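Trainee: I would like to go through the labels on this model and ask what each one rests on.
Mentor: Go ahead.

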Amino acid sequence: MKELENNIKKIKDSCLKELKKARSLESLEEIRVAYLGRSGALTEIMSTLKTLSLEQKRTLGPDLNELKKQLHDAYESRVSEFEKKNLSSDALFDVTAYKPHQMHGSLHIYTHIIEQLTEIFISMGYTIADGPEMETEYYNFTTLNIPDDHPARDSHDTFWLSQPDRLLRTHTSSVQAHSMEQATPPLAIFAPGRCYRNEATDASHDFMFTQGEGLFVDTNVSMSQLLATARTFLQHFFGKEDLKIRVRPGYFPFVEPGVEIDGSCPFCSDGCSVCKHTKWIELLGAGLVHPNVLRANGIDPEKYSGFAFGFGIERLAMIKYGINDIRLFHSAHIPFLQQFA
Ligand code: DAH
């Protein structure tokens, strides 16, 4: 018994001494295993308890448990000393060390703008529609009242594909027929999407760009509904409650009458460089859907009427954010993109 007690004392003293001397987390772990581990010195002694008399067990048992806890606490407190030291030690943490520049991902300006637009149209009860970027002549032209020999086909510098009757859509108006085919009026859709035109690029033209197309078909649709919709949309998009619109006649084969809608300059009241000192900015093409378009898509023009409008999404974004070159949108120009992060 005396010998056992001596052994226990020895274990205690040497374990505490070793813990105190340890210089790394690894050696602390080794000490823990050597004393408190499954076949550690203390664990082994505890397993000899069963050979003792009841009386001896009663005195030694609680002492051993107490010792085990004491050694474990001593080990834990050394570990936390090391951890704290690691965080604050100048030797281990060099504040002047070179850290490579980290780039953060963010949403592209296209995503921001299209989200703003779709949110506005959804709030007005519109559904978001989509159509293919590779189109047929039928959806891009014919069903929009632009027959084969129509001069309007020439004004759309079309990228024709090598397969017969396949082209890259020149406008999102092509989504009109897809939507009318799929639903019966009333119908209110907004279709944002990419379009292509085979033309030379400059600061305001690109061979690939994005348009938004709106279409509303119901009974008794009027020009005043179109104008109220256009004004509400533009007021929300530019965040300007008192934005006014102005209407000029315009020609688009798929609407009759066709109009061009200008918005009052969101940045000035008496002329600035954005509105080229005219106080107005041309924003949308629009009109009442031509009866031929309704008819071509199985909608009776005697019963239903509609309005449609279209605009360049980059153009609206360029005005809103003061962007001076449309080609920046897909330039992968990091400083440009970071402004919208
Ligand atoms: N598709 C026309 C374009 O690309 C824009 C447009 C004008 C759309 C008038 C319309 C509209 O729906 O009614 O220039």
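This is a predicted model: local features need pLDDT of at least 70, side-chain atom pairs count only at pLDDT 80 or more; totals for chains, interfaces and linings use all residues.

Trainee: What makes Asp73 and Lys69 a salt bridge?
Mentor: The closest N and O atoms of Asp73 and Lys69 are 3.0 Å apart. The cut-off is 4 Å between a side-chain nitrogen of Lys or Arg and a carboxyl oxygen of Asp or Glu, so a pair at that distance qualifies. The structure holds 14 salt bridges.

Trainee: Where do Asp73 and Lys69 lie?
Mentor: Both are in helix H4 (residues 54-88), 4 residues apart, about one turn of the helix. Helix H4 also contains Glu81 and Arg78, 3 residues apart, and these two form a salt bridge with closest N and O atoms 2.6 Å apart.

Trainee: Why is Arg78 called buried?
Mentor: Its relative accessibility is 13%, and buried means under 20%, so Arg78 falls in that class.

Trainee: Why is Glu81 called partly exposed?
Mentor: Glu81 has 42% relative accessibility. The class runs between the buried limit of 20% and the exposed limit of 50%, so Glu81 belongs to it. Asp73, at 39%, also counts as partly exposed.

Trainee: How do you know that Arg246 forms a salt bridge with Asp262?
Mentor: The closest N and O atoms of Arg246 and Asp262 are 3.0 Å apart, and the limit is 4 Å, so the pair counts. Arg246 lies in strand E6 (residues 245-249) and Asp262 in strand E7 (residues 255-264), so the pair ties together parts that are 16 residues apart in sequence.

Trainee: Are Arg246 and Asp262 buried or partly exposed?
Mentor: Asp262 counts as buried at 2%, whereas Arg246 is partly exposed at 34%. Both residues belong to a network of salt bridges that also links Arg248, Glu260 and Glu282.

Trainee: Which strands each supply at least two residues of the shell around the ligand?
Mentor: They are strand E5 (208-218), strand E8 (280-289) and strand E9 (305-312). The space taken by the ligand is the largest pocket.

Conventions: Residues are numbered from 1 along each chain as its sequence is written. Side-chain values use heavy atoms; hydrogens and water are left out. Buried means under 20% relative accessible area, exposed over 50%, partly exposed in between (1.4 Å probe, protein chains only). On a 1 Å grid over the protein atoms alone, a cavity is a set of points where a 1.4 Å probe fits but cannot get out, and a pocket is an open set with protein on both sides within 12 Å along at least five of seven lines; lining residues have an atom within 4 Å of a point. A molecule sits in a cavity or pocket if more than half of its atoms lie within 2 Å of its grid points.
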